[in-house]
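Look through the sequence and the coordinates below. The report that follows takes the sheet, the helices, the metal site and a few backbone details in turn.

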Amino acid sequence: MAGYSGITAGYLILGDRPCLVETGTSTSAPVVRDALTSLGVGPGDLATVVVTHIHLDHAGGVGDIAGFYPSAEIVVHEKGARHLADPSRLMASAKLVWGDKLDVLFGTLAPTDAARIRALGDVGAVDLGNGRTLSSHYSPGHAKHHVGLLDSLTGDLYVGDAAGVYLPETGDLRPASPPPDFDLGVALESIALFEALAPQRLLFSHYGPVDGVRTTLERSAEELKIWVDLTKQARADGLDLDHAVAMVRERTRERYAALQAGGAAADRFELLSGAPSNVAGIMHWLDRSPTA
Ligand SMILES: [Zn+2]
């Protein structure tokens, strides 16, 4: 994505019915196809593509991947399904947020034939073959069309962005609280749900697997609360958005080794869960919830 490697993860579950979790961006789709080819998955072999949510860094490549793998069923939460069939509104709002950077960062989400899309409710399942399933668990908070996915065989839990953004190089974990759907209470409920599922591992979309399930999820909740508390303080002090972003960025900076080191890891953090997006999302939620 955007010239960075190790920024958006796609996971291939190899079994009787091969399943791809997350496509990454449209611009990453050829990279994903080459990787699947190298793992022995040809055009007719992929049974399912499932995305944790429809943000373009996770699902931007769905239309391209659906084209490469004509027999794959595309699985997504019901609140995201129509946007994969007709991406025009999603792309228009992304254009408003990202402007000229949209093409470089994400490319264009191509439409998928609605007949190939299966919409998930609050719970659902993907058949991985041989009695193995990937169960889906509605986990809004980051986005209202977000699900976590639990592999019945391995206990791997695909957490999307609901537990934040994790940097393997440093072990840093930063919340991902973008507008317009972020809601602290809902986000904390999603993290509690993940803990209750008792997974063996967490598989972050940004980026990679983490073994320490309980400590990591506790950290996810703690990070969210810190960012929300600081944003509330900035509001109480009457700061506008730009000054609130600067204040929260400065006051959280020492929590993240990557930001102190600078370089590509810090750039990836800013791209995936930048302070402007996180603080704007929290502000938007506070605007809508006077009692929060
Ligand atoms: Zn993401």
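## Sheet pairing

In strand 8, leucine 134 has aspartate 151 as its bridge partner. The model is predicted: local features need pLDDT of at least 70, side-chain atom pairs count only at pLDDT 80 or more, and totals for chains, interfaces and linings use all residues. Residues are numbered from 1 along each chain as its sequence is written, and side-chain values use heavy atoms, with hydrogens and water left out. Helices (H or I, at least four residues) and strands (E, at least two) are DSSP runs, numbered from the N terminus.

Two strands pair if DSSP finds at least two bridges between them. Strand 7 and strand 8 are joined by five bridges and run antiparallel. Six bridges join strand 6 to strand 7, also antiparallel. There, aspartate 127 stands opposite threonine 133 in strand 7. The hairpin of strand 6 and strand 7 has two residues between the strands, and its asparagine 130 takes a positive phi near 60 degrees. Strand 8 (residues 147-151) and strand 9 share two bridges, again antiparallel. Leucine 149 is opposite tyrosine 158 in strand 9.

| Strand pair | Bridges | Direction |
|---|---|---|
| strand 6 and strand 7 | six bridges | antiparallel |
| strand 7 and strand 8 | five bridges | antiparallel |
| strand 8 and strand 9 | two bridges | antiparallel |

Which order do the six strands of the open sheet take? The order is 6-7-8-9-12-13, with mixed pairing. Strand 6 (123-129) and strand 13 (208-210) are the edge strands, each pairing on one side only. From one strand to the next, the twist averages 25 degrees. Strands of a sheet pair through backbone hydrogen bonds, either parallel or antiparallel.

Burial uses a 1.4 Å probe and protein chains only: buried means under 20% relative accessible area, exposed over 50%, partly exposed in between. Strand 7 (residues 132-138) is largely enclosed by the rest of the structure, because six of its seven residues are buried.

## Helices

Contact means heavy atoms within 4.5 Å. Axes are lines fitted to C-alpha atoms, for helices over the stretch in contact, and angles run from 0 to 180 degrees between N-to-C directions.

Helix 8 (residues 213-236) packs on the sheet. Helix 8 touches strand 12 (201-204) and strand 13, and its direction makes about 50 degrees with that of strand 12. Helix 7 (residues 184-196) is a partner too: the axes of helix 7 and helix 8 come within 10 Å and cross at roughly 175 degrees. The two helices are therefore roughly antiparallel to each other. That label needs an angle over 145 degrees; under 35 counts as roughly parallel, 65 to 115 as roughly perpendicular, and the rest as oblique. Residues of helix 7 that meet helix 8 include Leu184, Leu188, Ile191 and Phe194. From helix 8, the residues involved include Leu217, Ala221, Leu224 and Val228.

Helix 4 (residues 78-85) has Gly80, Ala81, His83 and Leu84 as its buried residues. These pack against helix 2, helix 3 (62-68), strand 4 (73-77), helix 5 (88-98) and strand 5 (117-120).

## Zinc site

Which residues coordinate the zinc ion? Asp57 (OD), His58 (NE2), Asp161 (OD) and His206 (NE2) do, at 2.1 to 2.2 Å. Donors are N, O and S atoms within 2.8 Å of the metal (3.2 Å for Na, K and Ca); water is not among the atoms, so sites may look incomplete. The donor residues are spaced D-H-x102-D-x44-H in sequence. Aspartate 57 in helix 2 (residues 56-59) and aspartate 161, in the loop between strand 9 (156-160) and strand 10 (165-167), link distant parts of the chain, 104 residues apart. Aspartate 57 is buried, at 11% relative accessible area. Aspartate 161 is buried as well, at 3%.

The angles among the four donor atoms are 83 to 160 degrees, and the site is irregular. Four donors count as tetrahedral if all angles lie between 85 and 135 degrees; four count as square planar and six as octahedral if opposite donors are over 155 degrees apart and all others between 65 and 115; anything else is irregular.

## Backbone details

A cis peptide bond joins histidine 206 and tyrosine 207, with omega about -15 degrees. Tyrosine 207 lies in the loop between strand 12 and strand 13. The bond from proline 179 to proline 180 is also cis, with omega near 0 degrees. Proline 180 sits in the loop between strand 11 (172-174) and helix 7.

Glutamate 22 has a positive phi near 75 degrees, though it is a residue other than glycine. Glutamate 22 is in the loop between strand 2 (19-21) and helix 1 (29-38), and is buried at 1% relative accessible area.
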